[in-house]
Amino acid sequence: MLNRFREKLIPFTRSIGNNFGSLGFSPTFWSMVGFAFAILSSVFFGLSNFLNQQGIEFPSQIFASIMLLISGFFDIVDGSVARVLKRTTTKGAFLDSNFDKISEALIFIGIAIGGLANPILAMIALATSILVSYLRARAESLGIELKGIGLGERAERLLILSICGLIPISESIQWGVVIIIIISAFSFVQRFRYVLKRI
């Protein structure tokens, strides 16, 4: 859904691409930076339960959510730099796509390990999220564009987790996980029907 607003954000993303592109680093470098922040996010999520058991007062969930937002920002940076510098490559797209899937898996694993959500719910959220992404990839291999179709695209999922993680109430992350399950399942059905009608 957020992808539908990208055209309105073109001046903003072009500015980001120019600023970060002037630093001389490749789009893949910025993808790796975003991936590194996603890993940090998963680690902070995963430490939540351990820190609580040790009686250590550290806002691990807050830090994890901030890292996740920063990771999302660099998701914008790598694409913007690639477009501005005209360095969009098949290899870069392949790496970026895989970094996205690995980071999403690590984040849900971190949430489960950290005791921030029921592990079964975290697994269901990860499974439905992967199904939404897989369906898009499979459809595009058939020549059917699914960009912007469905409520539960990756950007929305990560934004929901980040926002919920910043809310200082008990089980806020679990509520975010439940919301992700619902919108991902709905998006999968939406996309599945859309593709069937066009095959």
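I'll start with one residue. L69 counts as partly exposed because its relative accessibility is 37%. On that scale, buried is under 20% relative accessible area, exposed is over 50%, and partly exposed is in between, with a 1.4 Å probe and protein chains only. The place of L69 is in helix 3; helices here are DSSP runs of H or I, at least four residues, numbered from the N terminus.

Before going on, the basis. This is a predicted model, in which local features need pLDDT of at least 70 and side-chain atom pairs count only at pLDDT 80 or more, while totals for chains, interfaces and linings use all residues. Residues are numbered from 1 along each chain as its sequence is written, and side-chain values use heavy atoms, with hydrogens and water left out.

Back to L69. Together with I66, L159, I163, L166, I167 and I169, L69 makes a nonpolar surface patch of about 540 Å². Patch residues have over 30% relative accessible area and no salt bridge; nonpolar side chains (Val, Leu, Ile, Met, Phe, Trp, Tyr) are joined within 5 Å, and like charges within 9 Å. The areas come from the Shrake-Rupley method with a 1.4 Å probe, and for residues only the protein chains shown count as cover. Which elements each supply at least two residues of the patch? Helix 3 (60-84) and helix 6 (154-166) do. Helix 6 gives the most, with 3 residues.

Now helix 6 itself. Its 13 residues should span 18 Å at 1.5 Å a residue, and the end C-alpha atoms are 19 Å apart, which agrees. The expected span is 1.5 Å times one less than the number of residues. The buried residues of helix 6 are R154, E156, R157, L158, I160, L161, S162, C164 and G165. They pack against helix 3, helix 4 (90-113), helix 5 (119-141) and helix 7 (172-198), where contact means heavy atoms within 4.5 Å.

Between helix 6 and helix 7 there is a loop, and E171 lies in it. The phi of E171 is near 65°, a positive value in a residue other than glycine. Most residues other than glycine have a negative phi. E171 counts as partly exposed because its relative accessibility is 48%.

As for F108, leaving out residues up to four places away in sequence, F108 touches A122, A125, L126, S129, L161, V177 and I180.

How many salt bridges does the structure hold? There are 5, a salt bridge being a side-chain nitrogen of Lys or Arg within 4 Å of a carboxyl oxygen of Asp or Glu. E104 and R157 form one of them, at 2.6 Å, N to O. This pair links distant parts of the chain, with E104 in helix 4 and R157 in helix 6, 53 residues apart. Both E104 and R157 are buried.

R136 and E140 form another, with the closest N and O atoms 3.0 Å apart. Being 4 residues apart in helix 5, the two are separated by about one helical turn. R136 counts as partly exposed at 25% relative accessibility, and E140 counts as partly exposed at 35%.

E153 pairs with R191 in a salt bridge, the closest N and O atoms being 2.9 Å apart. E153 lies in the loop between helix 5 and helix 6 and R191 in helix 7, so the pair ties together parts that are 38 residues apart in sequence. E153 counts as buried at 4% relative accessibility, and R191 counts as buried at 2%.

One last residue. D78 is in helix 3 and is buried, with a relative accessible area of 5%. Not counting residues up to four places away in sequence, D78 touches P27, W30, S31 and D96.
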